[in-house]
Amino acid sequence: MAPGLPDPKEIEELLLGGELRYTRVDAVRLSGVSREFSGRIWRAFGYPTMPDDAVAYTEGDIDALCRMRRLVEDGVLDEEGVIRLVRAFGQTMTRLAEWQVSLLRSMLGEDPNGSPPAEALGAIVGIAESHIGEFEPLVLHAWRRQLASAGTRALAAAATRENGDPTGRPMTTVGFADMVSFTQVSRELDEIELARVVEWFEESTSDIIAACGGRVVKTLGDEVLFSAESPKVGAEIALTVAAAIQDETEVPDVRVGVAHGPVLPLMGDVFGTTVNLAARLTSLARPGSVVIDAELAAQLEKDPAYEVTRIVRRPVQGLGIIQPYVLRRNPKPPDTAAGRP
């Protein structure tokens, strides 16, 4: 360990909330799970495989293994269900933890991509030691909020199936917003500037999607995939994102493609022909514009808030010939368009 740097073991125990005192053999014996199951759980969390004699477990780890054993014993989940649940937590928390450490480093004026000096590491450890008790409830609160939203969507999907949706899958509006000429921009900017552009894009689109009542499914650097439970919410997200990015002179414009139809929700993501169609529509859109499919156009064409314009039919890979439409806001207020003063 370099002089002046905090002790890694002390940092680990501080953040884990307990002393590293158990080996893998101890953890299996004390928790009552099998050696194979404990190894699968460890890997699903995203942790490296540890030798049997390595002291790498805390009381919290033993408690977590016991809780997962009880889930199986009580019939709440089978072993495969537990592994899938743990993997979802592990993948989500990995990104969250990396994001939080980068945030702390940037707040201290350090380059998140460089090697931090001992002073910066010491400051980060100090913040963690004095405030980790305040961070933890925020994570739980955010999870409960998102769980409530996901549960509401699941109930809506069940109602859709009962109302006779022929596919048995929820009808959803999904869209992609893609930064134009991102490859060229990435060549012109250094890594720090490029990271700031991507961060601004993700933050701006995420805020708009949440404010309109949609959900960010995932972000891919220069692209964001969103979903909405109604066509109008999907349209508002698409038009607002396109306009907001277009107003920002230092960020490339976006093109947005949106489609409405049945989707397959799985592990927080969405799949199916509707998603593929939205992705293909994005490639047809001009910078700053929104292109939608025929189903969404049919849902919106009688709404006075929007203009839906049919454009030339196009062949797209894997989907054949499609009929795209350009979506714009109606330049006249809805009341005027309806003939009211």
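**View 1. Glutamate 80 and arginine 40 in a predicted model.** Glutamate 80 has a relative accessibility of 44% and so counts as partly exposed. The model shown here and in the other views is predicted. Glutamate 80 forms a salt bridge with arginine 40, and the closest N and O atoms of the two are 2.9 Å apart. This pair links distant parts of the chain, with glutamate 80 in helix H5 (residues 79-107) and arginine 40 in helix H3, 40 residues apart. Arginine 40 is partly exposed as well, its relative accessible area being 24%.

**View 2. The salt bridge of arginine 35 and aspartate 52.** The two side chains meet at 3.0 Å, N to O. Arginine 35 belongs to helix H3 (residues 35-45), while aspartate 52 sits in the loop between H3 and helix H4 (59-73), so the pair ties together parts that are 17 residues apart in sequence. With a relative accessibility of 47%, arginine 35 is classed as partly exposed. Aspartate 52, at a relative accessible area of 30%, is partly exposed. The count of salt bridges in the model comes to 10.

**View 3. Arginine 329 and glutamate 236 joined by a salt bridge.** Their side chains meet at 2.9 Å, N to O. Because arginine 329 lies in strand S11 (residues 325-329) and glutamate 236 in helix H9 (residues 231-246), the pair ties together parts that are 93 residues apart in sequence. Arginine 329 is partly exposed, with 39% relative accessibility. Glutamate 236 is also partly exposed, with a relative accessible area of 22%.

**View 4. Strand S11 with strands S7 and S8.** Strand S7 (residues 290-292) runs antiparallel to S11 and is joined to S11 by 3 bridges. Valine 291 has valine 326 of S11 as its bridge partner. Strand S8 (residues 306-310) is likewise antiparallel to S11, and 5 bridges join these two strands. Here arginine 310 has tyrosine 325 of S11 as its bridge partner.

**View 5. Helix H8, residues 191-212.** At 1.5 Å a residue, the 22 residues of H8 should span 32 Å, and the end C-alpha atoms are 32 Å apart, which agrees. The buried residues of H8 are Leu194, Val197, Val198, Phe201, Glu202, Ser204, Thr205, Ile208 and Ile209. The face turned away from the buried side carries the exposed residues Arg196, Asp207, Ala210 and Ala211.

**View 6. The two ends of helix H8.** At the start of H8, the backbone nitrogen of glutamate 193 has a side-chain oxygen of aspartate 190 within 2.8 Å.

**View 7. Cysteine 66 and cysteine 212.** Cysteine 66 has a relative accessibility of 14%, under the 20% limit, and therefore counts as buried. Cysteine 212 is at 25% relative accessibility and so counts as partly exposed. The count of disulfides in the model comes to 0.

Key: Residues numbered from 1 in each chain as written. Predicted model: local features only at pLDDT ≥ 70, side-chain atom pairs only at ≥ 80, totals over all residues. Heavy atoms only, no water. Helix = DSSP H or I, 4+ residues; strand = E, 2+ residues; numbered from the N terminus. Expected span 1.5 Å × (residues − 1). Buried < 20%, exposed > 50% of the residue type's maximum accessible area, 1.4 Å probe, protein only. Polar contact = N/O pair within 3.5 Å; in protein donor to acceptor, adjacent residues only side chain to side chain. Salt bridge = Lys/Arg side-chain N within 4 Å of Asp/Glu carboxyl O. Pairing = 2+ DSSP bridges. Disulfide = S-S within 2.5 Å.
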